[in-house]
Amino acid sequence: MFAFSKEAEEKIEKILKKYPEERKRSALLPLLTLVQRQERHVNPDAMREIGRRLDLSPAYVQSVCSFYTMYSSKPVGKYLILFCVNISCQLNGCDVLLAHTAKKLNIEIGGTTNDMKFSLHREECLAACSGGPMMRINDTFYENLTAAKIDQILDSLD
Ligand code: FES
């Protein structure tokens, strides 16, 4: 059985107040985000619990959850790196930098370091095209990347 943390419960209370009872399904993405942050993934128990609270079937919750790349079915690292590989970033060399990042972390793209510190995923456009190549690490955007800048960023994270 899945349990939200006390902090998450307080946030849920505030989130649900934003929506009328008949529209509480609109809280689905915020609740999935809370689970992703708490557990670093969203498992079937959590989907059932969200469905119970929002009067949604687990299948519906799962269908929404699996659509968005920011939710993961398997635990991700403390730092989830989403590396944009869309057109603007690609024209500015993201492929080389993504490969550099994977090599530095010694993982495959899509993988997680053994110490569960970093996960590295390809991502579609993150709407920071003028700053490409770019990556998002958890909630922070890093733009105009170079190999040296990536090294510096990754080395600075505890
Ligand atoms: S193409 Fe990379 S942020 Fe838009």
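Domain bounds, as used in these legends, come from an automatic or database domain assignment. The structure is a predicted model, in which local features need pLDDT of at least 70 and side-chain atom pairs count only at pLDDT 80 or more, while totals for chains, interfaces and linings use all residues. Residues are numbered from 1 along each chain as its sequence is written, and side-chain values use heavy atoms, with hydrogens and water left out.

**View 1. The two domains.** The assignment gives domain 1 (7-67) and domain 2 (79-156). Taken over C-alpha atoms, the centres of domain 1 and domain 2 are separated by 28 Å.

**View 2. Aromatic pairs.** Rings of Phe, Tyr and Trp (its six-membered ring) pair if their centres lie within 6.5 Å; planes under 30 degrees apart count as stacked, over 60 as edge-to-face and the rest as tilted. By this rule there are four aromatic pairs. The ring centres of F2 and F4 are 5.0 Å apart and the planes stand at 90°, so this pair is edge-to-face. Both F2 and F4 are buried, where buried means under 20% relative accessible area, exposed over 50% and partly exposed in between (1.4 Å probe, protein chains only). Y68 and Y71 are also edge-to-face, because their centres lie 6.2 Å apart with planes at 80°. Y68 is partly exposed, at a relative accessible area of 30%, whereas Y71 is buried, at 7%. F67, Y68 and Y71 form one aromatic cluster.

**View 3. A charge over a ring.** R25 lies over the face of Y60, 5.0 Å from the ring centre. The criterion is NZ of Lys or CZ of Arg within 6 Å of the ring centre and within 35 degrees of the ring normal.

**View 4. Paired strands.** Helices (H or I, at least four residues) and strands (E, at least two) are DSSP runs, numbered from the N terminus. Strands pair if DSSP finds at least two bridges between them; β1 (residues 79-84) and β2 pair in the parallel sense over six bridges. L80 has S119 in β2 as its bridge partner. Five of the six residues of β2 (residues 118-123) are buried.

**View 5. Nonpolar cores.** A nonpolar core is a set of buried Ala, Val, Leu, Ile, Met, Phe, Trp, Tyr and Cys residues joined through side-chain atoms within 4.5 Å. The largest has 27 residues, and those with the most contacts inside it are I81, F83, M135 and I137. β1 gives the most to this core, with six residues. A second, separate core of 21 residues includes F4, A27, L31 and V42.
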